[in-house]
Each structure stands twice: as structure tokens, then as C-alpha cells.
Amino acid sequence: MSFLHPEFLYFMLIPLFVLFALLLTQKESHEHFFTQEVMNKLRVGASSLSMKTRNVLFLFMGFFMIVSLAQPVINDGVVEVKAKSADIMIAFDISDSMLAGDVYPNRLKLAKEKAIELLKLAPNERIGVIAFAKNSYLVSPMSFDHGAVNFLLRQLDTSSITEKGTNFLSMLGVVDKNIKNKKKYLLIISDGGDKKDFSDEIAFAKKNNITVFVLGVGTKKGAPIKRNDGSFIKYKGNIIISKLNENIANLATKTGGVYIQNVKSDEDIKTMLAEINSKSEQKELKSEKIHKYIQLFYYPLGVALMLLLIATSSFSKRVGSGFVMMVLFLSINPHAKAGMLDFMDLKEAKKAYESGDYKKSAKLYESYAKSRNDSKAYYDSANALYKQKKYKEALKAYEKANFKDKELEAKKLANMGNAHAKEMKQEELKKAIKSYEESLKLKEDKDVRQNMEEVKKLLKKQQQKSQNKKNQKNNKKQKNKSKNQKDKQNNKKENKQDKNSKDKNKKNKNDSSKSQKSKEKKESAKKDTNKKDAQKKQDLKKLDKGKKDDKKSQKTQKQPQQMKDKMSDAEEKKWLKQLNLQKSTYLYRLNTQKPKEENSDEKPW
């Protein structure tokens, strides 16, 4: 514990003790004339608080009040606060055409309302204002003092610049001179003027790194320009109708900005601010370390008020002493909602966290949170559990911490997203993304958004891996099925081949048996043919004998008719030749002599 203003202790406690020392040592005026016994008899209520007792109570009351003024605190750490800004310059068109009444109440007043609304929506941005018509001038430099900028905006009028017309190029030159950043962001609130070609302005903006955003004020139908005196601006006797020039959109889109036409609600300026924040690079202007403290001044102040009540009341000594004891008991009771020594536990938990003893810190914060139902203590205990890599327990503690402050709630949700992401599971990663999104809705933070994008990439990778594993499993199943089918087919083929081989063997056996039978048949046929040849030879011999006998008989016959019918030897040889030349069928070969050449002229006789 320390004191933010210890000078109160140095300069007020000593005079307090001196003063009350004099008061307590002095006797009362009546004590100089009467004894104590007489005074006790003279007093109406001897049991009431005496003057000395009351002075002692006043002394302690003064002591506690001085301690309260010294502001006792507990050091709760150091927070580094960084001031970042995109440095938005608002270029405000104050030409006469902004007095047209095609939007309510007119273009100029509506433009002021839009600019003031932007100041409310961007409290942490540095904003400057430039007014322009034919010429341009700086109304307010870049400033965080939005109150001053608001005041200066309300004072703008078309009479601020006497020269008529709208010159965007001169306005861009003023922006370039007044913003020293490498990248400059300009919001133009204008009706676009009368210019059709913005090529010069676009080239100048690109050359000087000026990103232009345009909020178009007005309508396409247009309206006459009404002066403050009620008259309308004329040209050659005709009333001028001023319309919204949408050609200015090229100046925004071609320099990397956005063009938005005004609407009745605040959605246009909200969308414009979101676009500026998304496209701009915030520059860190300054950083400051701020000490966080837990205030304790109300404890001694409360005791002082109680003592004041006792000292100024008509309590008796017994009631007064009992009342004092009750106050002290309530202030020291550890089960009280706001005990005086609670800060000691928090201080010890803080020291344990800073020294790296996260286990002890988590226990102290958790016990304090349960006894007080304190969201901040639950949040701190969750942080200590997170450091111990106990992410599930940390998430339970985070869920118990409910903050009304959007910034603290956003930090809690971001930490919950980190805890979910550490689990490295698809379901937990999805929960982490959801927590990040809820945190960003409450407060935009680049680190949180970057973490969310990284978690999304990791989730996609895991989903792809799981999908690949499923595909591999399916492929393995299909391969196994195909292998089983092939094995079945092969088995069938092998069975068929076995059957075929068996059939072939059977056939071969049959064929071999048939061949043996055919051989036997052939051998038997040869034997038969040999027998037949032998019989033929015998028959031929018999024929030859018969012929010889016939010849002998013919020789013995001497009749002339028989001689005529008798075959000569030459004729017989010729007949035998013809028989030998014929193919052998069922006839027997009568002669094995070689054929001789025939002579057709030869006569058989």
C-alpha cells in the first residue's frame, strides 16, 4: 500500500497531535472550583461520554480523515496507452451552391451535421478542417480537441470566402502542406461543383499520396440557390438550378477512396468512417505509461464518519464503546463485502502473477472472486490459468467475468478466443473465431483481427487435412474392395484353370488310350493286311497254275474257232499293264513289274 499524496500526512498529522495534546491536558473550567466527587453528584447523567472521551474520538476522527486525504492505494500495475490516429482532414465546401434546398434544410447545414456526427463517431482520431470555395483556408489544424473543431465548424458560412466558385486543386494543395504524413486521408463534403474533368486533381492526389473520400451532398434533380435575404441566384436573368455533380466520384475512386451520396439517416457517415478506417494506416502519435491503482480512501473516511457520529451523539459510555467495537468488527470482518484488508490478498496475487507464480496467483484471485463475486478477480484468475496452459479452466473463469465496460468485455472475449485457439481442435477453432468476431463488434483491434485471420487459415488447413484423410480412407476401402474382387476373380480363374487342366489331363488320358487303341487297331490291321497279302500271293500262284494248265489244254486243242478266241502273249501282257496302272482300291495287284512305255502302233498279234 502507498499514498498518492503523502504530504497531507507530513504537514497535518503533527499539528493535529499537538492541538489535541493541549486540549486533552487542559482541565475543564469547573474543575478548578469543584472536586470530582461534587461534580459527579452535580451531573445529571454521569454515565454519558465525558469531554475528554469526546476529544479522543475527535482526535481519531481527524487522524482517519487526514489518512483519507493522503489517498491510500494499491499499485495494480502499469498500462501503456498508445494514441493512434489516421489524421483525417475534412474539406468543407462553402460555395454558394451549398445553399440549394434540395436536401433539408439545405446542403450547407446538412453537411455541418454530417461533419459533427463524424466527430462523435471518431473520438480517438485527430481531425482537421479546411474550408474551400474559389480559394481555400485552414479552419482547424489536426487536433484531438473535437469540442473546438465542432465550434469552428458551426461558424462556417458561405460569406467566409468572398470569391465565388469551387476550386478543388487549390484545396488539395492546402491539404498537402498541412499534413506531413507520408499517406494523407481527405474527406470532401461537397456537391461536386460544376467541373466535369478531374484529371488534374487526380494526378495531384496520386503524386502526393492523398487518398480522397467524397460525401456527395445534394440530388440529381437539383434546386435553385436561395440567398439569406430570400432571393435566388440568377445568371443572365434566369434562376440557376444547382445539381449534384457525380463526376467528383472519379476523384475518389481513382485515388483509392470511396464515393458515397448522402442519405437522411447517419448510415452514410458511419459507412464512410468504416471505409476510412479500413483503408487508412493509423499512425502512433504518442505512448504513455499509466499506473493503475486500487483506491482505499473510502475505508478511513467511513471510520471517521462513524467516530463523528459517536462523538456528537448522547450515547452512554457502554453504548458508545459497544458501537465503536461493532464498527471495528464490521470493518475487519473477512466475510464483509468490502473488508478493509481485502487489498492485501489482491496485492499478494498481483505480486505472484508478476513473479511468475501463476498457480498461487490463480488461487488467490479465485478465492477473492468467489467471496466477493468480483468480475475483475475472475478475469485475473483466468489470465493466471491461461499462463499455466489450463485453457479449459481459464475459459470457465472468463465466462464468470461479466463487464459492463465494452473495452474490458472486448478484451475478455479476445482472451477467450486465444484460449479456444490453443486447444487446436476444429470445434474449438470455430468457437475462437466466434469470440474474436464478438470482440471486434465491441471494439476494433488490429491484433485481434490478425489472430482471427490466422485461426481461420489454421481451420482451413485442418479441414483440408481431415478431408484428405477421409479421401485416403475411401481410396483404401475402394482399393481393398478391388483387390478382393481381383482375388476372387483370380481364384475363379485358377479354379477354372484347374478344371481345364483336369479336363485336359482327362482328355490326354483318353487320347492316349485312344492312341493306344488306334495303334493296336493299326497293328491288328497290319496283321490282317499281311494275312490278306499272303492269301493274295497264294491266289496268284493258283491263278498262274491255272493259266499254265489252260495253255497246256489250249495247245492240245486243235480246233480253229478256239484258236481265234485264244489271247496272244502280247495281248496278255498289255492287259496286265493296264491292271497295274490303275489305282489300287479293293482289287489285288496282279503284277509288280515296272511300267513300260506304250507303243500304240504295236499290234497284239
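This report walks through a strand, a helix and some aromatic rings in a predicted model.

## Ground rules

Because the model is predicted, local features need pLDDT of at least 70 and side-chain atom pairs count only at pLDDT 80 or more, while totals for chains, interfaces and linings use all residues. Residues are numbered from 1 along each chain as its sequence is written, and side-chain values use heavy atoms, with hydrogens and water left out.

Helices (H or I, at least four residues) and strands (E, at least two) are DSSP runs, numbered from the N terminus.

## Strand β7, tucked inside

Let's start with β7, residues 210-216. Seven of its seven residues are buried, so the rest of the structure largely encloses β7. Buried here means under 20% relative accessible area, exposed means over 50%, and partly exposed is in between (1.4 Å probe, protein chains only).

Which way do the residues of β7 point? Ile210, Val212, Val214 and Gly216 go one way, and Thr211, Phe213 and Leu215 go the other.

## The neighbours of β7

Two strands pair if DSSP finds at least two bridges between them. Strand β6 (residues 184-190) runs parallel to β7, and seven bridges join them. Across this pairing, Leu187 stands opposite Phe213. To get from β6 to β7, the chain goes through helix α7 (residues 199-207) in a right-handed β-α-β crossover. Right-handed means that, with the strands pointing away from the viewer, the path from the first strand over the helix to the second runs clockwise.

β7 also pairs with strand β12 (residues 259-261), again in the parallel sense, over three bridges. Here Gly216 has Gln261 as its bridge partner.

Helix α9 covers residues 267-279.

Which residues of α9 are buried? They are Asp268, Ile269, Met272, Leu273 and Ile276. These residues cover an arc of only 130° around the axis (taken from the directions from the axis to the C-beta atoms), which puts them on the same side of α9. Their cover includes β3, α4, β6, β7 and β12, where contact means heavy atoms within 4.5 Å.

## Aromatic rings

A search of the whole structure finds ten aromatic pairs. Rings of Phe, Tyr and Trp (its six-membered ring) pair if their centres lie within 6.5 Å; planes under 30 degrees apart count as stacked, over 60 as edge-to-face and the rest as tilted. Phe297 and Tyr298 have ring centres 5.4 Å apart and planes at 70°, so this pair is edge-to-face.
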